[in-house]
Amino acid sequence: MKIVVCVKQVPDTKGGVKFNPDGTLDRSAMLAIMNPDDKAGLEAALRLKDQYGAEVTVITMGLPKAEEVLREAIAMGADKGVLVTDRVLGGADTWATSQTLAGAIRNLEYDLIITGRQAIDGDTAQVGPQISEHLNLPVISYAQNIKIDGDFVIVERQFDDRYHVLKAKMPCLITALAELNEPRYMTPGGIFDAYNAEITVWGRDKLVDVADSNLGLKGSPTQIAKASDKVRKGAGEKVVLDPAESVDYIMDKLLTKHVI
């Protein structure tokens, strides 16, 4: 079995975020980590590898420094890493990103594609399902458990206070929740192997069946109108009233704001 895992290097928001003049994130100026949902998807792939002997290829799109998350994935147990990087891909929204990743994945053999549910820098949950659409694959999102049964994958899909059990024939795509599992740590031997591993680097020329009009900032139908750091709220209104007056005051506010 061959598994492709899509991961993303995202800003570590604990260190603060910075923006370019056009409103996009200045990723080169921020500390970065592997997206948590993606890491859970990687761990799921590695557990399938442990159980079935699968080959796990990890792919990411980003700046050259995104090679770091590929080496981290290899240190955890992945077999191969593919970095898709090119200046023409910069500023991509979810549509352009999914087009790029789908174009790269068309070069690979796979039975299963695993992505994270969403990235912490965008929170759209769109890229995984969009990749499945571009590749004409069935998709099961919000996976909280994954099993293999012959040519089929059986997934528990999170749904409010319960879950659905869905079965799909491979190849298919699954989006994973961070709650799916507890990702393993890198091992000393894995770190040594990752340091010496050869990362495959692809540019625009390796994207299959993708038009230039669907790439990068120019190929992104979603444009950033404004970006800013979080603005602190000012102090709220303070009043000192006796209990009876307090009730009337609160009820008036709730009615005025159409809460009740």
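A residue is called buried when its relative accessible area is under 20%, exposed when over 50%, and partly exposed in between (1.4 Å probe, protein chains only). Helices (H or I, at least four residues) and strands (E, at least two) are DSSP runs, numbered from the N terminus. This is a predicted model, in which local features need pLDDT of at least 70 and side-chain atom pairs count only at pLDDT 80 or more, while totals for chains, interfaces and linings use all residues. Residues are numbered from 1 along each chain as its sequence is written, and side-chain values use heavy atoms, with hydrogens and water left out.

**Figure 1. Overview of the protein chain.** The protein chain holds six helices and 11 strands. Its C-alpha atoms fill a box of roughly 70 × 45 × 40 Å, taken along the principal axes. Of the 260 residues in the protein chain, 40% are buried.

Figure 2. Two strands are said to pair if DSSP finds at least two bridges between them. S10 pairs with S6 in the parallel sense over five bridges, and leucine 112 stands opposite cysteine 172. Strand S7 (residues 139-149) also pairs with S10 in the parallel sense, over three bridges. Here alanine 143 stands opposite alanine 176.

**Figure 3. Strand S4 and its partners.** Strand S4 (residues 55-61) has six buried residues out of seven. Strand S1 (residues 2-6) runs parallel to S4, and five bridges join the two. Cysteine 6 has isoleucine 59 of S4 as its bridge partner. Strand S5 (residues 80-84) is likewise parallel to S4 and joined to it by five bridges. In that pairing, threonine 60 stands opposite leucine 83 of S5.

Figure 4. Side chains of opposite charge can pair when their charged atoms come close. A salt bridge is defined as a side-chain nitrogen of Lys or Arg within 4 Å of a carboxyl oxygen of Asp or Glu. The whole structure contains 14 salt bridges. One of them joins the side chains of aspartate 121 and lysine 8, with an N to O distance of 3.0 Å. This pair links distant parts of the chain, 113 residues apart: aspartate 121 is in the loop between S6 and H4, and lysine 8 is in the loop between S1 and strand S2 (9-11). Aspartate 121 is partly exposed, at 23% relative accessibility, and lysine 8 is partly exposed at 28%. The loop between S6 and H4 also holds isoleucine 120, which is partly exposed with a relative accessible area of 37%. Isoleucine 120 and lysine 8 are 112 residues apart in sequence, and their C-alpha atoms are 9.8 Å apart in space.

Figure 5. Glutamate 43 and arginine 47 form a salt bridge whose closest N and O atoms are 2.7 Å apart. These two residues are separated by about one helical turn because they are four residues apart in helix H1 (residues 36-52). Glutamate 43 is buried, with a relative accessible area of 2%, whereas arginine 47 is partly exposed, with 40%. Glu43 and Arg47 belong to a network of salt bridges that also includes Asp50 and Arg184. A further salt bridge is formed by the side chains of lysine 49 and aspartate 79 (2.9 Å, N to O). Lysine 49 lies in helix H1 and aspartate 79 in the loop between helix H2 (67-76) and S5, so this pair ties together parts that are 30 residues apart in sequence.

**Figure 6. Backbone geometry in three loops.** Most residues other than glycine have a negative phi, and most peptide bonds are trans. Alanine 125 has a positive phi of about 60° although it is not a glycine, and it lies in the loop between strand S6 (112-116) and helix H4 (127-134). Aspartate 160 also has a positive phi, of about 50°. Aspartate 160 lies in the loop between strand S8 (152-159) and S9 and is exposed at 68% relative accessibility. The peptide bond from methionine 170 to proline 171 is cis, with omega near 5°. Proline 171 is found in the loop between strand S9 (162-169) and strand S10 (172-176).
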